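Please examine the structure shown below with the following explanation at hand.

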Amino acid sequence: MIAVKTEEELAKMRVSGKIVGDTLRMIEPYVKPGVSTMELNSVIEEFIRSAGAIPSFKNYNGFPAASCISIDDVVVHGIPSLRVLKEGEIVSIDVGALKDGFHGDAARTFAVGRISDEKRKLVEVTKECFFEGIKQAREGARLGDISYAIQKHAEKHGYGVVREMVGHGIGRHLHEPPDVPNYGNAGSGPILKAGNCLAIEPMINLGTARITISSADGWTCRTKDGFASAHYENTVIVGKEGAEILTL
């Protein structure tokens with residue numbers, strides 16, 4: 001069952017979404033060589049709280065930080081630490097905000113200084129995958145139409161599409177039904193309705209689609225082959241004619 005939000009609930013979703021989008025815009029200038037991921041996390045948490053919201057991720061199923069910060073071959077769920085960013089890396093920052101009972105969730109992949117053309121293309125195509133997907137986020141389409149569009153665009157460029165980690169519904173809970181895979185078959189899955197809220201988040205790998213999860217912390221998700229991965233996510237409202245993006 002995919003919840004259809006009321007107009008009052010959607011208004012609250014827009015507020016949470018805006019805080020998340022503002023947070024990601026705010027943090028971009030801080031992403032530079034020599035800055036630790038813990039420093040970035042502190043700035044993010046302070047900003048979210050200053051907006052009157054609560055970081056959605058902090059203590060979520062035991063996650064210890066306000067943001068997931070994932071460098072190069074880390075796909076998602078990187079835990080902020082004293083590790084400093086280095087020239088030429090890419091870093092994905094994923095944040096959530098809870099305000100007035102509703103969550104927003106989004107992620108961006110940033111360049112650390114000058115990066116290779118190979119990494120730059122990966123970041124650009126991952127973002128394009130999201131926008132290809134949301135062309136299908138309209139009433140009457142099927143969930144699989146979104147998944148198929150993302151997969152098709154990524155694989156056209158020879159990239160791996162992560163299977164184990166997926167997007168999700170969002171609202172009063174950070175993760176709600178349905179799962180939103182970044183791969184699948186057009187014409188499959190539940191029919192979308194206006195008022196459905198989804199966090200659509202392509203996670204695209206330069207090499208293999210396969211991943212590993214750290215046995216040390218139970219969170220850090222890396223590419224199996226050690227090649228880079230990019231992540232781009234927004235919270236959207238399904239509409240009658242198309243999607244409204246809340247976290248830009």
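In helix H3, Val 125, Glu 128, Cys 129, Glu 132 and Gly 133 meet Ile 146, Ala 149, Ile 150, His 153 and Ala 154 of helix H4, where contact means heavy atoms within 4.5 Å. By class, this contact of H3 with H4 has six nonpolar, two polar and two charged residues. Here Ala, Val, Leu, Ile, Met, Phe, Trp, Tyr, Cys and Pro count as nonpolar, Asp, Glu, Lys and Arg as charged, and the others, Gly among them, as polar. The model is predicted: local features need pLDDT of at least 70 and side-chain atom pairs count only at pLDDT 80 or more, while totals for chains, interfaces and linings use all residues. Residues are numbered from 1 along each chain as its sequence is written, and side-chain values use heavy atoms, leaving out hydrogens and water.

H3 covers residues 117–134 and H4 covers residues 143–156; the two pack at an angle of about 150 degrees, with their axes 8 Å apart. Helices (H or I, at least four residues) and strands (E, at least two) are DSSP runs, numbered from the N terminus. Axes are lines fitted to C-alpha atoms, for helices over the stretch in contact, and angles run from 0 to 180 degrees between N-to-C directions. H3 and H4 are therefore roughly antiparallel to each other, a term for angles over 145 degrees, whereas those under 35 count as roughly parallel, 65 to 115 as roughly perpendicular and the rest as oblique.

The largest nonpolar core has 27 residues, of which Leu 122, Ile 146, Leu 192, Leu 198, Ile 200 and Ile 204 touch the most other members. Such a core is a set of buried Ala, Val, Leu, Ile, Met, Phe, Trp, Tyr and Cys residues joined through side-chain atoms within 4.5 Å. Buried means under 20% relative accessible area, exposed over 50%, and partly exposed in between (1.4 Å probe, protein chains only). H3, H4, strand E9 (197–200) and strand E14 (234–238) each give two or more residues to this core, and its largest share, six residues, comes from H3.

Among the residues that Leu 198 touches are Ile 146, Leu 192 and Pro 178. Pro 178 is placed in strand E8 (residues 176–180), and a cis peptide bond with omega of about 5 degrees joins Pro 177 to Pro 178.

Asn 59 is not a glycine, yet its phi is positive, about 70 degrees. Asn 59 lies in the loop between strand E1 (54–55) and strand E2 (67–71).

Key: Lists of a residue's contacts leave out its neighbours within four places in sequence.
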